[in-house]
Amino acid sequence: MNKKTVVVLGCSQWRDYSVLLPITCLFWREVVGYESISLLVEDEKFWMSQHKRCKASLKALKDFAFDHVFIGNIKDREHSTIAQSARQHCAALPLDEELWLMMSDADLWPLKKDFYHTHGSNPIQSLYSNGNHYQDLPTCHITMQVKTWREVMQINPDFGLRNTLEVVFMNSLPEDGFKRWCFDQFYCTEKIKASKYWKEGVEMIERPGHPPVDRIDRGNVQDWTSTFQSNKWTDAHLLKAPEENWAKIRPVVEALIPQHLDWADKYISECL
């Protein structure tokens with residue numbers, strides 16, 4: 001389907017995500033053809049006061065003209081929780097209600113264009129819907145139009161993103177550590193199942209394997225040490241400490257977006 005789609009990413013200053021963020025945005029632009037919006041925890045002053053990798057990441061977002069929004073902070077809430085849950089509430093921003101928003105992770109690179117161009121025939125699509133054996137729907141990649149996100153998640157755009165998150169956390173955020181870490185997809189799944197779209201209006205796209213057999217995954221060390229074959233993979237879940245593991249990650253950039261390889265090498269050196 002030829003639908004105007006924007007990919008939504010959430011990010012804190014943590015190295016496993018902030019270093020990868022601008023490269024991830026490049027993959028979405030160059031490989032898939034989608035622009036992105038990055039929801040950044042805290043404000044610009046805070047990012048500029050952190051490790052040099054945060055400054056380099058923010059500069060790259062600006063240099064490539066990638067849309068980004070500073071969420072601010074929410075008292076007593078972990079930055080990871082804010083970054084994760086901001087995505088499903090991105091429709092609180094002043095966006096065109098017909099726009100499609102696709103959820104994704106800052107440490108996940110799309111490698112196969114066609115896989116991400118199938119939504120539009122149903123109000124909601126869940127790519128890799130079986131990722132958690134249907135206990136919940138994985139955040140990557142739930143896709144809806146802005147107007148549907150607002151309806152399903154009960155979002156009032158006049159209230160703003162930070163205020164919306166503050167109320168959601170106050171009313172619904174669990175204390176349990178694991179449930180807290182997975183809150184974004186647990187909460188989103190709960191809302192989808194309670195909506196008028198469940199199940200007929202939700203397109204479920206399954207992928208074999210956990211992790212998917214067509215994903216180059218951080219959990220499969222051998223995938224990162226063998227010769228990279230781009231036609232074998234749909235996406236890549238990146239290794240942690242990416243600047244230290246750049247030699248293993250670099251072949252993916254070289255294969256898919258070689259025009260940006262020199263820039264990426266220089267960027268990573270700035271993050272060390």
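## Basis of the model

Helices and strands here are DSSP runs numbered from the N terminus, a helix having at least four residues and a strand at least two. The model is predicted.

## The largest pocket

The largest pocket holds about 850 Å³ of space. Its lining takes at least two residues from each of strand S1 (5–11), helix H5 (79–88), helix H8 (177–181) and helix H9 (183–194). H5 gives the largest share, four residues.

In total, 33 residues line the largest pocket, and Gln 84, Asp 105, Trp 181, Gln 185 and His 237 lie nearest its centre. By residue class, the lining consists of 14 nonpolar, 12 polar and seven charged residues.

## Salt bridges

There are 17 salt bridges in the structure. One of them joins the side chains of Asp 107 and Arg 218, with an N to O distance of 2.6 Å. Asp 107 sits in the loop between strand S4 (100–103) and strand S5 (108–110), while Arg 218 sits in the loop between strand S9 (215–216) and helix H10 (221–225), so this pair ties together parts that are 111 residues apart in sequence. Asp 107 is buried, at 2% relative accessibility, whereas Arg 218, at 21%, is partly exposed. The cut-off matters for these two residues, because buried means under 20% relative accessible area.

Glu 151 and Lys 196 form another salt bridge, in which the closest N and O atoms are 3.4 Å apart. Glu 151 belongs to helix H6 (residues 146–153) and Lys 196 to the loop between H9 and strand S8 (202–205), so the bridge ties together parts that are 45 residues apart in sequence. Glu 151 has a relative accessible area of 38% and is partly exposed; Lys 196, at 64%, is exposed.

## A further pair and a network

Glu 35 and Arg 29 also form a salt bridge, their closest N and O atoms being 2.9 Å apart. Glu 35 is partly exposed at 35% relative accessibility, and Arg 29 is partly exposed at 23%.

A network of salt bridges links four residues: Arg 15, Arg 53, Glu 243 and Glu 244.

## Nonpolar surface patch

Phe 159, Val 167 and Met 170 make a nonpolar surface patch of about 290 Å². Val 167 is part of helix H7 (residues 161–172). With a relative accessible area of 31%, Val 167 counts as partly exposed.

Key: Residues are numbered from 1 along each chain as its sequence is written. This is a predicted model: local features need pLDDT of at least 70, side-chain atom pairs count only at pLDDT 80 or more; totals for chains, interfaces and linings use all residues. Side-chain values use heavy atoms; hydrogens and water are left out. On a 1 Å grid over the protein atoms alone, a cavity is a set of points where a 1.4 Å probe fits but cannot get out, and a pocket is an open set with protein on both sides within 12 Å along at least five of seven lines; lining residues have an atom within 4 Å of a point. Grid points are joined across faces, edges and corners, and a volume is the space filled by probe spheres set on the points. Ala, Val, Leu, Ile, Met, Phe, Trp, Tyr, Cys and Pro count as nonpolar, Asp, Glu, Lys and Arg as charged, and the others, Gly among them, as polar. Patches are made of residues with over 30% relative accessible area and no salt bridge: like charges are joined within 9 Å, nonpolar side chains (Val, Leu, Ile, Met, Phe, Trp, Tyr) within 5 Å. Accessible areas come from the Shrake-Rupley method with a 1.4 Å probe; for residues, only the protein chains shown count as cover. Buried means under 20% relative accessible area, exposed over 50%, partly exposed in between (1.4 Å probe, protein chains only).
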